[in-house]
Amino acid sequence: MMSPPSIALEKSFSPSASASTSSSGFSRCGSQPLVIKTQFDRLVDDLRAILGPASGIDSESVDVDSLINLMREYTSQIAEWAPFALSDPSRNYTRNGIDEVNAKANLLILVWNPGKGSMVHDHANAHCIMKVLQGELVEELYEWPEGTNGHDVASLPLHMKKQTNLPLDQVAYISDKIGLHRIRNPSPDKIAVSLHLYTPPWAAKFGCRIFDDRTGKSSKADMSRLYSYRGKLLNYSQGGTSHTC
Ligand SMILES: [Fe+2]
């Protein structure tokens, strides 16, 4: 029996009954609703504008610097994104969908339980931009297993070439050209929350690869399932995954 979802908060906060990226600060003027967008709403709008319907979907055509700058310009405000940050305490981390960005990307909020992390993984030939929304995360950057794209390698431990602390509001970028990585929450007692943009959305469509850091051996991971979407809990059997790219 799974426990019900909980909002990932350190402070008290009551999400609106119907969470939506455009329903924050709702008031009425006559019969017309007046929607006051939060900075988080604007960030999602701006990401959609850069990754517009007319833009290319190929990873080579993505304006990565503009996407990184947008993520940097946003200052995390817990009340703005908390309605979308559901957390399952039984998992290492919980994947919550926010937007599909004109079918060009996947925008997710990940909630990391204290002391927990991901497997080492690749990014399915896509760009990954992540921003810390709460707490702190650590990125361990690994070299690809020698002579390979992850298949049929010698049984050798992966080589970690860099470890980076990512404090609140820090933005990090990775692609398969840079290497593999693992993300973890170093805190023994506090959750961490991060915003992830994956473009193109190849991992959700085709999966990514996870790696055993002791042997370099890899296996395919299904990345299509989410725990919630735009603040609404999905069927739990659809959300059951323990991996992230
Ligand atoms: Fe990743």
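Here is a short tour of a sheet, a helix and a core in this structure. The model is predicted, so please read what follows with that in mind. An open sheet of seven strands runs through the account, and helix H1 (residues 39–50) packs its buried residues against several neighbours, E5 among them.

**The sheet**
- The strand order is E11-E8-E13-E6-E5-E16-E17, and the pairing is mixed.
- Strand E11 (171–174) and strand E17 (232–233) form the edges; each has a single partner strand, so one side of each has no neighbour in the sheet.
- Strand E8 (residues 127–134) and E13 run antiparallel and are joined by seven bridges.
- Met130 has His196 in E13 as its bridge partner.

**Ile98 in strand E5**
- Ile98 belongs to strand E5 (residues 93–99).
- Ile98 counts as buried because it has 25 C-beta neighbours inside 10 Å, and the cut-off for buried is 20 or more.
- His196 lies 98 residues from Ile98 in sequence, yet their C-alpha atoms are 9.7 Å apart in space.

**Helix H1**
- Phe40, Leu43, Val44 and Leu47 are the buried residues named in H1.
- Seen down the helix axis, the buried residues of H1 fall within an arc of 95 degrees, so they line one face.
- Those buried residues pack against helix H2 (64–73), helix H3 (78–81), E5, strand E6 (106–112) and strand E13 (192–199).

**The core**
- The largest nonpolar core holds 58 residues, and Leu47, Ala85, Leu107, Ile109, Val111 and Ala203 have the most contacts inside it.
- E6 gives the most to this core, with six residues.
- In soluble globular proteins, nonpolar side chains tend to be buried together.

Note on methods:
Residues are numbered from 1 along each chain as its sequence is written. This is a predicted model: local features need pLDDT of at least 70, side-chain atom pairs count only at pLDDT 80 or more; totals for chains, interfaces and linings use all residues. Helices (H or I, at least four residues) and strands (E, at least two) are DSSP runs, numbered from the N terminus. A residue is buried if 20 or more other C-beta atoms lie within 10 Å of its own, exposed if 12 or fewer, and partly exposed in between; C-beta atoms are placed from the backbone. The arc is that of the directions from the helix axis to the C-beta atoms. Two residues are in contact if their C-beta atoms, placed from the backbone, lie within 7 Å. A nonpolar core is a set of buried Ala, Val, Leu, Ile, Met, Phe, Trp, Tyr and Cys residues joined through C-beta atoms within 7 Å. Two strands pair if DSSP finds at least two bridges between them.
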